[in-house]
Amino acid sequence: MAYYSIPYSTIGFIVTKKKVVGMPKKDEFDLPLQLAGLRMRNPTMLASGILGMSRFTLEQVASAGAGSIVTKSIGPKPEKGYSNPTIVEVDCGYLNAMGLPNPGVDAYAPEISELRKVIDVPIVGSVYGGSPEDFVYVASKMEKAGAAAIEANVSCPHAKVGSIGLDPDCVKEVTQAVKGAIRIPLLVKLNPNVTSIVEIAKAAEDGGCDAITAINTVKGMAIDVDAFLPILGNRYGGLSGPAMKPIALRCVYELYEKVRVPIIGVGGISGWRDAVEFLLAGASCIQIGTALIKGLSVFKEILEGLTSYMKKKSFKSLKDIIGRAHR
Ligand SMILES: Cc1cc2nc3c(=O)[nH]c(=O)nc-3n(C[C@H](O)[C@H](O)[C@H](O)COP(=O)(O)O)c2cc1C
C-alpha cells in the first residue's frame with residue numbers, strides 16, 4: 001500500500017469532527033471500578049498522546065463515555081519534537097515518531113486545572129523526563145494542578161529518553177522517586193521492546209508503583225521504495241493499532257501471572273471483543289488510542305458490547321471477567 005503521512009495536529013480535529021452516534025447518558029453504563037485508588041465509572045481510558053493535549057478535545061472524550069483520561073506525555077521543558085513526517089499509516093495500523101512534542105509542564109499545568117472544572121472523570125497526567133528529578137518535577141506540578149493519578153511514561157520506543165524503560169534499575173529508581181514525591185496513585189507505562197517485560201514490571205512494582213500500563217508502541221519502521229529512504233523523520237517509530245494487539249495481549253497475560261499490582265491493557269483495542277480479551281488476560285481496565293481515528297463513538301460501542309457480553313454470560317461485575325483466561 002501507499003503510505004500516508006498525517007500531520008499530528010490534525011488528528012484531534014479529524015476525530016472530534018466525526019459524528020458521535022448518540023453520546024452516552026451520564027452513568028448509562030453501570031460498570032464502576034476502583035483502580036489502585038482511582039474511582040472510575042467504567043473500565044475505558046483514553047490512551048496518552050493520541051488526541052494531543054487540547055482541553056477542548058479531552059472534554060469531548062469525557063462526554064463520549066471514557067472512564068478516565070490520560071494526557072499527552074508532558075516533560076519538564078517545552079519540546080518541539082521530531083521533524084515531519086511523524087505519523088505514517090501502514091497496512092495494519094500507524095507508525096509514529098513524534099518525539100514527545102509538548103509545551104512543558106509549567107505551560108500545561110493550567111490546562112489540567114481548567115479541564116478539571118468541566119469534566120467529572122479522573123485525569124491522569126502522563127509524565128516523562130530524562131532523570132528521576134525531571135519526573136518528580138513534572139509529576140508534582142501535575143498533582144498540584146489537579147491530576148487524579150500520574151502515569152510515568154518510561155517507555156516511548158523512539159524518544160531520546162526512552163532508554164529508561166529498558167533498564168530495570170532505572171525504572172525502579174524513577175518509580176521510587178515519583179512515588180515518594182506524590183500522594184496520588186502512580187501508574188508506570190511499560191515498553192514492550194525488551195527481552196523480559198516481566199523483569200521491568202517487577203522493578204516498577206519494587207519501586208512502589210500502584211499499577212502497570214502495558215504497553216507502549218512496538219518499535220518499527222517504513223521505507224519509501226521510490227525515495228530509497230526511511231519515511232519517518234526519525235527513521236524509527238512506534239507501531240500502534242490492530243497489528244500490535246496480540247503482542248500487547250501476551251504482555252498483559254504474562255504480567256498478570258507475575259505481578260501483584262493491577263494492569264491496564266493497551267494496544268490495538270478497537271472493539272468490545274478486544275476489550276474483553278484484555279480483561280480475560282488480566283487487565284483491570286483498558287486504554288484506547290489509535291482506534292479513535294474512527295471517531296469518539298468507539299467508547300460507547302465498547303461499553304455497549306461489554307455490557308451485553310456480561311449479561312449474556314451472566315457476569316455480575318468486572319471481577320468475574322478479569323484474569324478468567326488463567327483458570
Ligand atoms: C500519535 C501517537 C502519539 C502517542 N503519544 C504518546 C505519549 O505522548 N505518551 C505515551 O505514553 N504514549 C503515547 N502513545 C502510545 C499510546 O498511548 C498507546 O500506548 C499505543 O498507541 C498503543 O495503543 P493503541 O494501539 O490503542 O493506539 C502515542 C501513540 C500514538 C499513535
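Just after helix α6, Gly208 takes a positive phi of about 105 degrees; helices are DSSP runs of H or I with at least four residues and strands are runs of E with at least two, numbered from the N terminus. The model is predicted, and local features need pLDDT of at least 70, side-chain atom pairs count only at pLDDT 80 or more, while totals for chains, interfaces and linings use all residues. Residues are numbered from 1 along each chain as its sequence is written.

**Helix α6**

- In α6, which covers residues 197–206, the buried residues are Ile197, Ile200, Ala201, Ala203, Ala204 and Glu205, where buried means that 20 or more other C-beta atoms lie within 10 Å of the residue's own, exposed means 12 or fewer and partly exposed lies in between, with C-beta atoms placed from the backbone.
- These buried residues of α6 pack against α5 (168–181), β10 (186–189), β11 (211–214) and α7 (245–258), a contact being two residues whose C-beta atoms, placed from the backbone, lie within 7 Å.

- Helix α9 runs over residues 297–312, and its 16 residues reach 23 Å from the first C-alpha to the last, close to the 22 Å expected at 1.5 Å a residue, the expected span being 1.5 Å times one less than the number of residues.
- Val298, Phe299, Lys300, Ile302, Leu303 and Leu306 are the buried residues of α9, and what covers them includes β4 (44–46), α8 (272–281) and β17 (283–288).
- Just after α9, Ser314 takes a positive phi of about 60 degrees.
- Gly289 is found in the loop between β17 and α9, and Gly289 counts as buried because it has 23 C-beta neighbours inside 10 Å.
- Not counting residues up to four places away in sequence, Gly289 touches Ala47, Ile50, Ser240 and Val266.
- The C-alpha atoms of Gly289 and Ala248 are separated by 13 Å, with the two residues 41 apart along the chain.

**Surroundings of the ligand**

- There are 27 residues around the ligand, of which Gly49, Ser73, Ser240, Gly289 and Thr290 come nearest, a residue being near if its C-beta atom, placed from the backbone, lies within 6 Å of the molecule.
- By class, this shell around the ligand has eleven nonpolar, 14 polar and two charged residues; Ala, Val, Leu, Ile, Met, Phe, Trp, Tyr, Cys and Pro count as nonpolar, Asp, Glu, Lys and Arg as charged, and the others, Gly among them, as polar.
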